[in-house]
Amino acid sequence: MTDTNISFVRQEMLQGQTPPRGERGIIRWVRVNLIATPVDAVLTILALLALAWFLPPLLNWLFVEASWVGADRSVCATAAQGGTQPENWSGACWAFVNAKFGQFMYGPYPLDQRWRVNLVGIIFVVLLIPLLMPKVPYKVPNAVIFFFVFPIIAFFLLVGGWFGLPYVETSRWGGLLVTLVISFVGISVSLPLGIALALGRRSKMPVIKMLCVIFIEMVRGIPLVTVLFMASYMLPLFLPPGVSFDKFLRALIGVALFASAYMAEVVRGGLQAIPKGQYEGADSLGLGYWQKTGLIILPQALKLVIPGIVNTFIGLFKDTSLVSIISMFDLLGTVRQHFNDPTWASPQTPMSGLVFAGFVFWIFCFGMSRYSIFMENRLDTGHKR
């Protein structure tokens with residue numbers, strides 16, 4: 001027998017080669033995302049034309065012609081309007097935002113006590129960041145401190161009246177402080193309460209199911225403005241004489257209950273999406289109701305409805321502006337309140353303040369959205385083997 005060299009059988013492996021330029025880098029990204037089809041190419045051209053028409057004047061108003069520093073409205077008004085700017089000038093009045101920045105963040109909170117708000121914010125960030133990072137250990141102690149210990153510490157620091165801290169009534173709170181406090185309480189309460197309501201609505205006990213259905217449908221059937229109005233003005237009418245609750249506390253309860261009703265429906269959708277086989281498999285293992293729900297059903301349901309949960313959180317964060325109906329001013333309410341300041345009254349002041357408020361809201365909402373996408377990708381194990 002002699003070895004036969006078959007010429008068409010390769011004896012050595014080919015060395016790896018660099019992909020063609022059209023299949024890598026920015027060229028591939030443009031080809032796949034912008035001009036994959038003729039329709040995509042046309043839409044891309046139209047979008048570029050729209051940006052070319054809209055973006056230069058916007059950037060000019062935001063940055064080039066903007067007034068950045070100044071002591072009063074004169075830097076944001078033309079000569080005919082009693083200012084120092086030339087005729088036909090139009091630009092953002094960031095000097096107004098800079099002068100009122102402390103008010104936008106803290107509201108009328110005492111100037112010499114704002115360090116307490118800053119301390120609460122630092123503690124919040126220090127506890128939140130490890131909780132959001134999947135690989136950081138000690139998640140359970142961190143969550144217990146964040147959701148149970150931190151609110152108590154924040155209450156004593158913000159309200160005061162103990163440990164030598166001056167008392168600051170909630171009517172002197174405002175700005176971003178009110179927005180974040182209402183959002184934190186609403187999010188922290190609505191998720192567990194919404195889960196409980198969703199489980200109660202699917203319960204086989206008629207009384208529990210009926211109570212949950214009545215609460216959810218009643219709350220979802222009225223606007224949040226009505227809930228806040230009733231919590232602030234109607235609730236005291238039903239209390240015994242001499243009994244009263246802080247107006248801010250009533251707003252917190254109203255927002256939390258309102259968000260819980262919507263959260264319950266989001267979670268219920270996730271529970272209904274779980275196949276029946278999961279329930280039967282848990283029953284075959286001899287698991288009780290709470291073991292089955294807590295270890296098998298609920299984790300899968302919550303993973304499925306992460307977008308809906310975060311969407312509810314984002315909506316709640318934006319709905320904090322409605323507390324102005326009960327004379328409490330969040331970030332947007334505080335910004336609008338300062339439009340009436342005669343020192344800064346100018347045609348450019350309202351738009352500048354609203355752009356600033358919108359940008360702050362966008363930062364928080366975009367952050368929640370991106371973290372939601374991160375968690376979806378991390379928990380998406382369907383493609384893994």
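Beyond its neighbours within four places in sequence, V189 is in contact with A256 and S260, where contact means heavy atoms within 4.5 Å. This is a predicted model, so local features need pLDDT of at least 70 and side-chain atom pairs count only at pLDDT 80 or more, while totals for chains, interfaces and linings use all residues. Residues are numbered from 1 along each chain as its sequence is written, and side-chain values use heavy atoms, with hydrogens and water left out.

Back to V189. V189 sits in helix 7, residues 176-201; helices are DSSP runs of H or I with at least four residues, numbered from the N terminus.

Buried is under 20% relative accessible area, exposed is over 50%, and partly exposed is in between, using a 1.4 Å probe and protein chains only.

Now the cores. A nonpolar core is a set of buried Ala, Val, Leu, Ile, Met, Phe, Trp, Tyr and Cys residues joined through side-chain atoms within 4.5 Å. The largest has 63 residues, and F248 and W173 are among those with the most contacts inside it. Helix 10, residues 247-273, gives the largest share of this core, 7 residues. Not counting residues up to four places away in sequence, F248 touches T170, W173, V178, V181, I182 and M328. A second, separate core has 16 residues, including L199 and M263.

Terms used
Helix = DSSP H or I, 4+ residues; strand = E, 2+ residues; numbered from the N terminus.
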